[in-house]
Amino acid sequence: MGTFLKNVPLISSLDINSNLFKAEDAKVLFDGISHLFLLKHLDISKNLLRAEGTESLTNSINLAFTIRSLNLSDNAIENKGLNIVYDKIQNFTSLLTLDVSSNQVHDEELKNKLALLAETQNFRLVC
């Protein structure tokens, strides 16, 4: 699928939820996503990305100027993974919605930092 995505760079919305991708399975896919220069909406919910997959995804999304909604819900993401997301999305200037609900994040301070970032950058956070 990663190779396929490299050949269709004009995709603006991609829904790849409920595939049970694990971090190691998704690296090729994420490489393909990095070629989608017009991507505005990405739903990769209900997979098993955990921290490693989250890092691969955020490293591949160099679309900080186009991505508007990012759904990472229900991905078994823990504190480390959400921290990676927090660090990366600070550069996402067009983000309108970030969904990180139904994960395994228990660090309230981290959730508060993310909420403050959402307020500052004016995007909707679902946590």
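This is a predicted model: local features need pLDDT of at least 70, side-chain atom pairs count only at pLDDT 80 or more; totals for chains, interfaces and linings use all residues.
**Entry 1: helix 3 against helix 4**

I began with helix 3, residues 50-60, and helix 4, residues 79-89. I found their axes 8 Å apart, at an angle of about 15 degrees. Angles under 35 degrees count as roughly parallel, so I put helix 3 down as roughly parallel to helix 4. I noted the crossing of helix 3 and helix 4 as right-handed.

Next I looked up which residues make the contact. From helix 3 they are Ala-51, Thr-54, Glu-55 and Thr-58. Helix 4 supplies Lys-80, Gly-81, Ile-84, Val-85 and Lys-88. I sorted the residues of this contact of helix 3 with helix 4 and got three nonpolar, three polar and three charged.

**Entry 2: the buried side of helix 3**

I then asked which residues of helix 3 are buried. I listed Ala-51, Gly-53, Thr-54, Ser-56, Leu-57, Thr-58 and Ser-60. These buried residues pack against helix 2 (23-33), strand 2 (41-43) and helix 4.

Glu-52 also lies in helix 3, but I recorded Glu-52 as partly exposed because its relative accessibility is 47%. I also checked Glu-52 against Lys-22, 30 residues apart along the chain. Their C-alpha atoms are separated by 8.9 Å.

**Entry 3: helix 4 against helix 5**

I turned to the other partner of helix 4 that I had on my list. The axes of helix 4 and helix 5 come within 10 Å and cross at roughly 20 degrees. That makes helix 4 roughly parallel to helix 5. I noted a left-handed crossing for helix 4 and helix 5, whereas the crossing of helix 3 and helix 4 is right-handed.

On the helix 4 side I found Asn-79, Leu-82, Asn-83, Tyr-86 and Ile-89 in the contact. On the helix 5 side I found Leu-110, Lys-113, Leu-114, Leu-117 and Gln-121. The contact of helix 4 with helix 5 divides into six nonpolar residues, three polar and one charged.

**Entry 4: the salt bridge**

How many salt bridges does the structure hold? I counted one. Glu-108 forms a salt bridge with Lys-111, and their closest N and O atoms are 3.5 Å apart.

I placed both Glu-108 and Lys-111 in helix 5, residues 108-121. They are three residues apart, which is about one turn of the helix. An α-helix has 3.6 residues a turn, so residues three or four places apart point the same way.

Glu-108 is partly exposed, with a relative accessible area of 49%. Lys-111 counts as partly exposed too, at 23% relative accessibility.

I found Ser-73 in the loop between strand 3 (69-71) and helix 4. Is Ser-73 buried or exposed? I noted Ser-73 as buried, because its relative accessibility is 8%. Leaving out residues up to four places away in sequence, Ser-73 touches Ser-45, Lys-46, Asp-99, Val-100, Ser-101 and Asn-103.

Ala-76 lies in the loop between strand 3 and helix 4. Ala-76 counts as buried at 11% relative accessibility.

Most residues other than glycine have a negative phi. I placed Asn-122 in the loop between helix 5 and strand 5 (124-126). Asn-122 is exposed, with a relative accessible area of 63%, whereas Ala-76 is buried.

Technical notes
Residues are numbered from 1 along each chain as its sequence is written. Side-chain values use heavy atoms; hydrogens and water are left out. Axes are lines fitted to C-alpha atoms, for helices over the stretch in contact, and angles run from 0 to 180 degrees between N-to-C directions. Helices (H or I, at least four residues) and strands (E, at least two) are DSSP runs, numbered from the N terminus. Angles under 35 degrees count as roughly parallel, over 145 as roughly antiparallel, 65 to 115 as roughly perpendicular and the rest as oblique. A crossing is left-handed if the near helix is turned anticlockwise from the far one by less than a right angle, and right-handed if clockwise. Contact means heavy atoms within 4.5 Å. Ala, Val, Leu, Ile, Met, Phe, Trp, Tyr, Cys and Pro count as nonpolar, Asp, Glu, Lys and Arg as charged, and the others, Gly among them, as polar. A salt bridge is a side-chain nitrogen of Lys or Arg within 4 Å of a carboxyl oxygen of Asp or Glu. Buried means under 20% relative accessible area, exposed over 50%, partly exposed in between (1.4 Å probe, protein chains only).
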